[in-house]
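Here are my notes for you, written as numbered points. Keep the structure open beside you and find each spot as you read.

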Amino acid sequence: MIRAVIFDFDGLILDTETPLIDAYAEVHRAHDVAFDRAAFIRSVGHAEYAFDPWHGFSPHADRAALEAERRTHKDALIQQQQVLPGVVPLLDDARRLGLRIGLASNSEHAWVEPHLARLGLLDRFEFLACREDAPSPKPEPDLYRLVLNRFGLRGIEAIAFEDSFTGSLAAKRANLWTVAVPGPSTAHHDLSHADLRVKSLAEVQLENLIARFSPPEP
């Protein structure tokens, strides 16, 4: 039986990726430098993808100043973001059905927890596994295994919700049922290894997922 649901954070609960890209674009615009948005989007969710976001600037540009400018724009944009569609109803259904609720994120606690608190969601999660809690980040399965171990469950007893190739691969490597919910920045990712792909969590009916991923009665 399905006994837990485990959520990613960035791009799944909160769209932190579009503001990130928009912030880079704003700095480029302010300095009259062309911004290759498509190339930047290809880098999202791929830690191994070598991409220099400031490559269009002069080699003598003050990159520290550019980064400070970019952070200011990003922070302002992210504070305007609200929880993505379908997240709250899914959390409500999970609680109603008595499921354990966890989170596995490649971001640090100092990033995830303040945003969850701002959105009024922090107390919805029984356990948060963040980057500093495991030996290796996604796509390695360590973060998901940490949550499973905390809950005393096997991978097949949990459903993961992810928006990226890296995250969904980590969930599958930990043997979880995986629902892929790509956003604007990850729609191009190969998510063929996921058990289900949807356009939005608003499409998800948790009871239907449980029936789909639970073994038949003997």
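This is a predicted model: local features need pLDDT of at least 70, side-chain atom pairs count only at pLDDT 80 or more; totals for chains, interfaces and linings use all residues.

1. Which of its faces are covered?

2. Now look at who pairs with β1. Strand β2 (residues 100-104) runs parallel to β1 and is joined to it by 4 bridges; there, phenylalanine 7 has leucine 103 as its bridge partner. Strand β4 (residues 158-162) is also parallel to β1, again with 4 bridges, and alanine 4 is partnered with alanine 158.

3. Zoom out to the whole sheet. It is an open one made of 6 strands, in the order β3-β2-β1-β4-β5-β6, with parallel pairing. The edges belong to β3 (127-129) and β6 (196-197); each has a single partner strand, so one side of each lacks a neighbour in the sheet. As background, strands of a sheet pair through backbone hydrogen bonds, either parallel or antiparallel.

4. Strand β5 (residues 177-180) runs parallel to β6, and 2 bridges join them. Valine 179 finds its bridge partner in leucine 196 of β6.

5. Next, the greasy part. The largest nonpolar core has 34 residues, and the ones with the most contacts inside it are Phe7, Ile13, Phe125 and Phe161. Elements giving two or more residues to this core are β1, β2, β4, α4 (87-96), α5 (109-118) and α8 (206-213). There is also a second, separate core of 18 residues, with Ala104, Ala129, Tyr144 and Leu176 among them. In soluble globular proteins, nonpolar side chains tend to be buried together.

6. Click on phenylalanine 125 for a moment. What is it in contact with, leaving aside neighbours within four places in sequence? The list is Phe7, Ile13, Leu91, Ile101, Gly102, Leu103 and Leu116.

7. Aspartate 15 is buried but has no salt bridge, and the nearest side chain of opposite charge, arginine 37, is 8.4 Å away. Not counting residues up to four places away in sequence, aspartate 15 touches Gln81 and Leu84.

How values were computed:
Residues are numbered from 1 along each chain as its sequence is written. Side-chain values use heavy atoms; hydrogens and water are left out. Two strands pair if DSSP finds at least two bridges between them. Buried means under 20% relative accessible area, exposed over 50%, partly exposed in between (1.4 Å probe, protein chains only). Lys and Arg count as positive and Asp and Glu as negative; His and the chain ends are not counted. A salt bridge is a side-chain nitrogen of Lys or Arg within 4 Å of a carboxyl oxygen of Asp or Glu. Contact means heavy atoms within 4.5 Å. A nonpolar core is a set of buried Ala, Val, Leu, Ile, Met, Phe, Trp, Tyr and Cys residues joined through side-chain atoms within 4.5 Å.
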